[in-house]
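Me: I'm about to look at this one for the first time. Could you walk me through it?

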Protein chains: 2
Amino acid sequence: MYKLDKIDKALLKLLQENGRATISSLSSAVSLSMPAVSERVKRLEASGVIQKFTTLLNPSLVDKQLMALVQIGFDMQRHADSFVDFVETEKDIKECYRITGKYEYTLKVQTNNTGTLAELLNRIKAQDGVNKTHSIVVLSSIIDRPSVVIN
Amino acid sequence: MYKLDKIDKALLKLLQENGRATISSLSSAVSLSMPAVSERVKRLEASGVIQKFTTLLNPSLVDKQLMALVQIGFDMQRHADSFVDFVETEKDIKECYRITGKYEYTLKVQTNNTGTLAELLNRIKAQDGVNKTHSIVVLSSIIDRPSVVIN
DNA sequence: ATTGAAAGAGAGAGGGA
DNA sequence: TCCCTCTCTCTTTCAAT
């Protein structure tokens, strides 16, 4: 695990809050010169601590009003690779985790409406190895924050 | 819903891929002058289509190796407000959704280890209104992408 | 939406604790 | 190793069109 000092942690916190913070603003925030900050940010990227800089959109403003969680029973004896490939190609699937418990996978889906959800469920059920699904519709999002608080 | 033209969609796609893309690189990518691109990005921010620019970290490199999903049975007759406040203060809770089905809420938790998960579960169970919980441990993350593909 | 000038930010060299 | 200053270059912003 990459060793983070206080300044690295401060930079990561600032960059999580504003991914477009300029090097110069970061540099005054942590009281270091710009080249020093620039080097640190590059190192954090190169080491993989920073996965990527991105932009979060408001799903309901880009016509993705319906969120659902889909639990999937899967016969792990076979075909897991093709299922992974399938999940990658479905752009409305935002998260896919292999889980413990009664089901093998859980998906988080962000789609347009119940119609597009139904179509996606049909495609999921048509996958080799999928033997049952359980859909849970999200009524409202209480919190949704990708940020990580570093100890 | 905010009306997005082709250029807005192209800018959003580029900014999701690289949240620190410079105005000048965006401007050559969409063949528009820099002030025009700058104006568009500002409008997308002001209108809320862009929620925020952020930096995604690798959770396992910042000592958050354990992900779990916690489903919560909750007596909705009472105390939902204090539960929401509680969830906000727990920094290891990354997502909280009100859901349909047997449970009322589901949480996505990203924490250090089974010990910190157990402590968090104790705090959750101590909340007024919580009448049952069901924990699912995430064995592996197949995909996890916040990006939205715009139609 | 564009152009062009001024201001600001970033990259790299060289050197010091 | 980590940091600083200086300088040069690139980027961004603003005003006028």
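Me: Which element gives the largest share of the lining of the second largest pocket?
Reply: Keeping in mind that this is a predicted model, the largest share comes from helix 1 of chain A, which supplies four residues of that lining. Helix 1 (6-17) of chain A and strand 1 (50-57) of chain B each supply at least two residues there.

Me: And what volume does the second largest pocket have?
Reply: The second largest pocket has a volume of about 350 Å³, and of the 17 residues that line it, the closest to its centre include A:Gln16, A:Glu17 and A:Ser147. By class, its lining divides into five nonpolar, four polar and eight charged residues.

Me: Ok, what about the largest pocket, which residues lie nearest its centre?
Reply: The largest pocket, with a volume of about 1,200 Å³, is lined by 50 residues, and A:Glu95, B:Asp144, B:Arg145, B:Pro146 and B:Ser147 lie nearest its centre.

Me: Switching topic, how many residues does the contact take from each chain?
Reply: The contact takes 67 residues from chain A and 67 residues from chain B, and the area buried between the two chains is about 6,400 Å², with carbon and sulfur atoms giving 58% of that area. On the chain A side, A:Arg20, A:Tyr97 and A:Arg145 lose the most area to chain B, together 12% of what that side buries.

Me: How many salt bridges are found across that interface?
Reply: The rule finds two salt bridges between chain A and chain B; B:Lys108 forms a salt bridge with A:Glu95, where the closest N and O atoms are 3.0 Å apart.

Note on methods. Residues are numbered from 1 along each chain as its sequence is written. Chains are lettered from A and ligands numbered from 1 in the order in which they are written. This is a predicted model: local features need pLDDT of at least 70, side-chain atom pairs count only at pLDDT 80 or more; totals for chains, interfaces and linings use all residues. Side-chain values use heavy atoms; hydrogens and water are left out. On a 1 Å grid over the protein atoms alone, a cavity is a set of points where a 1.4 Å probe fits but cannot get out, and a pocket is an open set with protein on both sides within 12 Å along at least five of seven lines; lining residues have an atom within 4 Å of a point. Grid points are joined across faces, edges and corners, and a volume is the space filled by probe spheres set on the points. Ala, Val, Leu, Ile, Met, Phe, Trp, Tyr, Cys and Pro count as nonpolar, Asp, Glu, Lys and Arg as charged, and the others, Gly among them, as polar. Contact means heavy atoms within 4.5 Å. Buried area is the accessible area (1.4 Å probe) that two parts lose on being put together, summed over both. A salt bridge is a side-chain nitrogen of Lys or Arg within 4 Å of a carboxyl oxygen of Asp or Glu.
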